[in-house]
Amino acid sequence: MAEDTRKQQLLELFTTITNKKTIVEPMRKVHGTLRDRDAVEREIALIMREVLDQGYFKTKLAPRQLAKLVVAYYDGKNDTEIARALGDEKLSKTVARARVRLKLFRELDFKMPFDQGTMSDLLDSGKTMKEISEELDVSPSTLREYRHVIEQQRDTTLDPYLERIRDVMEDRDLSELMTRGVANDGLAEAIDITEAIDMGEF
């Protein structure tokens, strides 16, 4: 009986604040679906599948893993944390290369112990990677990582797909903002309860 009274009070609060007597379907979905991480990852995975099918991107990571990588990057995770979330910490280098290919850069990617222009000139000079690495005093593997960053920064092949991914992530951020707004207005619990009851007139 106490629970029924509480439900009624919350529903009355909802009616007072929104001036609505009927909870329509879009409002019903606000609290339940706007923060659906799984749906966001599925949408990004579909874009990633297109990219892989076009042969623009070669990686051992599957579309869904790439989608998880994107979401985790936006959540502030580092490469090791992302690899761990994918189930294998040893994937950190694979994650790093895939992240750079998707232009999800970090400030550290551009902290090179030499002038970027000098490296670019040397790469265009026809010298071997071994010769360039010796001249710049870095290992060939490190030089290849820096070269990968510069190449992907300049490459526009994936830009249309990356723009779609950014749109998905911006929609997610907006949805979470809206959801927090609903919660701050004191409506979240009322919406939770009303999802479980008949959607007709009160």
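The protein has 11 helices and 0 strands, counting helices (H or I, at least four residues) and strands (E, at least two) as DSSP runs numbered from the N terminus. Read from the N terminus on, the elements go α-α-α-α-α-α-α-α-α-α-α. Keep in mind that this is a predicted model, where local features need pLDDT of at least 70, side-chain atom pairs count only at pLDDT 80 or more, and totals for chains, interfaces and linings use all residues. Residues are numbered from 1 along each chain as its sequence is written, and side-chain values use heavy atoms, with hydrogens and water left out.

Now for the overall numbers. Of the 202 residues, 35% are buried; buried means under 20% relative accessible area, exposed means over 50%, and partly exposed is in between (1.4 Å probe, protein chains only). The accessible surface is about 12200 Å², with 48% of that belonging to carbon and sulfur atoms. Those areas come from the Shrake-Rupley method with a 1.4 Å probe, and for residues only the protein chains shown count as cover. If you take contacts (heavy atoms within 4.5 Å) with a separation of 6 or more, 70% of them join residues 24 or more positions apart.

Let's zoom in on helix α8, residues 129-136. Its buried residues are Met-129, Ile-132, Ser-133 and Leu-136. They sit on the same side of α8 because they cover an arc of only 100° around the axis, the arc being that of the directions from the helix axis to the C-beta atoms. As for partners, the buried residues of α8 pack against α7 (116-123) and α9 (140-154).

Asp-137 counts as exposed, at 69% relative accessibility.

The loop between α6 and α7 is also worth a look. Lys-103 is placed there, and its phi is near 55°, again positive in a residue other than glycine. Lys-103 is partly exposed, with a relative accessible area of 22%. Leu-104, found in that loop too, is buried at 8%. Which residues does Leu-104 contact, leaving aside its neighbours within four places in sequence? They are Leu-69, Val-70, Tyr-73, Tyr-74, Arg-99 and Asp-109. For Tyr-74, 30 residues away along the chain, the C-alpha atoms are separated by 8.8 Å.

Arg-99 and Asp-109 turn up again in the largest pocket. About 420 Å³ of space lies there, and among its 17 lining residues the closest to the centre are Ala-96, Arg-99, Asp-109, Glu-145 and Val-149. A pocket here is an open set of points on a 1 Å grid over the protein atoms alone, where a 1.4 Å probe fits, with protein on both sides within 12 Å along at least five of seven lines; lining residues have an atom within 4 Å of a point. Grid points are joined across faces, edges and corners, and the volume is the space filled by probe spheres set on the points.

Helices α6 (92-101) and α9 each supply at least two lining residues, with the largest share, 6 residues, coming from α9. By class, the lining has 5 nonpolar, 3 polar and 9 charged residues, where Ala, Val, Leu, Ile, Met, Phe, Trp, Tyr, Cys and Pro count as nonpolar, Asp, Glu, Lys and Arg as charged, and the others, Gly among them, as polar.
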